[in-house]
Amino acid sequence: MTRNTLVFLATAGSVALIAGAFVFQFLGYLPCQMCHWQRWPHYAAIVIGLAALQIEGRVLPALGALAAATTSALGVFHTGVERDWWEGPSSCTGGGNALSGDLLSLDGPQLIMCDQVSWAFLSLSMPSWNALFSAVICILWIMAYRRS
């Protein structure tokens, strides 16, 4: 495969994961704070990918790989929080230490807890699937880097 084919596939992978996240959100699976964290590197990877299709060199594929590795690592961290392997941010986990009375109001925004699995397939939650698919995307970026 050529460098640009690999860049296109990696970029399309991030687009697909973001699109999937929005489909789940539309279906009522609202994202938690850590879910939003996992989206930002995908947004960056999409912009990087669009630029890398126009600009030759190794810098942009390296940045794309970094973005994909970041969201994959965040997915692993989020999975660990869901499975009680380690503590997550107090602002969105079961302890709720950062919750105020205003957030608990029925009229306020709905708070989605980061340590609760809202959907799973084959015993893997959405953050787990993001971690796996993002690792594959990272490999595509690395392959593009090596072909530059």
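Q: Why are Cys92 and Cys114 said to form a disulfide?

A: In this predicted model, the sulfur atoms of Cys92 and Cys114 are 2.0 Å apart. A disulfide requires two cysteine sulfur atoms within 2.5 Å, so the pair Cys92 and Cys114 qualifies. By this rule the count comes to 1 disulfide. A disulfide is a covalent bond between the sulfur atoms of two cysteines.

Q: What makes the disulfide of Cys92 and Cys114 left-handed?

A: The torsion about its S-S bond is about -105°, and therefore the disulfide is left-handed.

Q: Which parts does the pair Cys92 and Cys114 tie together?

A: Both Cys92 and Cys114 lie in the loop between H3 and strand S1 (120-121), so the pair ties together parts that are 22 residues apart in sequence. Cys92 and Cys114 are each buried.

Q: Why is Cys32 in no disulfide?

A: The nearest cysteine sulfur to that of Cys32 belongs to Cys114 and is 3.4 Å away. The cut-off is 2.5 Å, so Cys32 is in no disulfide.

Q: Why is Cys32 called buried?

A: Its relative accessible area is 3%. Buried means under 20%, so Cys32 is buried.

Q: How do you know that Cys35 is in no disulfide?

A: For Cys35, the nearest cysteine sulfur is that of Cys32, at 3.4 Å. A disulfide needs the sulfur atoms within 2.5 Å, so Cys35 is in no disulfide.

Q: Why is Cys35 called partly exposed?

A: Cys35 has a relative accessible area of 23%. Buried is under 20% and exposed is over 50%, so this value lies in between and Cys35 is partly exposed.

Q: Why does Tyr29 count as partly exposed?

A: Tyr29 has 30% relative accessibility, and partly exposed covers values between the buried limit of 20% and the exposed limit of 50%. Tyr29 is found in the loop between H1 and H2. Together with Val23, Phe26 and Leu27, Tyr29 forms a nonpolar patch on the surface, with about 450 Å² of accessible area.

Q: Which residues of the largest nonpolar core touch the most other members?

A: Of its 15 residues, these are Val7, Ala10, Ala52, Ala68, Ile137 and Trp141. Helix H1 (3-26), helix H2 (33-52), helix H3 (59-82) and helix H4 (126-146) each supply at least two residues of this core, and the largest share, 5 residues, comes from H4. Apart from this core lies another, of 6 residues, including Cys32, Val81, Cys92 and Cys114.

Q: Which residues does Ala68 touch, not counting residues up to four places away in sequence?

A: Ala68 touches Ser134, Ile137, Cys138 and Trp141.

Note on methods. Residues are numbered from 1 along each chain as its sequence is written. This is a predicted model: local features need pLDDT of at least 70, side-chain atom pairs count only at pLDDT 80 or more; totals for chains, interfaces and linings use all residues. Side-chain values use heavy atoms; hydrogens and water are left out. A nonpolar core is a set of buried Ala, Val, Leu, Ile, Met, Phe, Trp, Tyr and Cys residues joined through side-chain atoms within 4.5 Å. Buried means under 20% relative accessible area, exposed over 50%, partly exposed in between (1.4 Å probe, protein chains only). Helices (H or I, at least four residues) and strands (E, at least two) are DSSP runs, numbered from the N terminus. Contact means heavy atoms within 4.5 Å. Patches are made of residues with over 30% relative accessible area and no salt bridge: like charges are joined within 9 Å, nonpolar side chains (Val, Leu, Ile, Met, Phe, Trp, Tyr) within 5 Å. Accessible areas come from the Shrake-Rupley method with a 1.4 Å probe; for residues, only the protein chains shown count as cover. A salt bridge is a side-chain nitrogen of Lys or Arg within 4 Å of a carboxyl oxygen of Asp or Glu.
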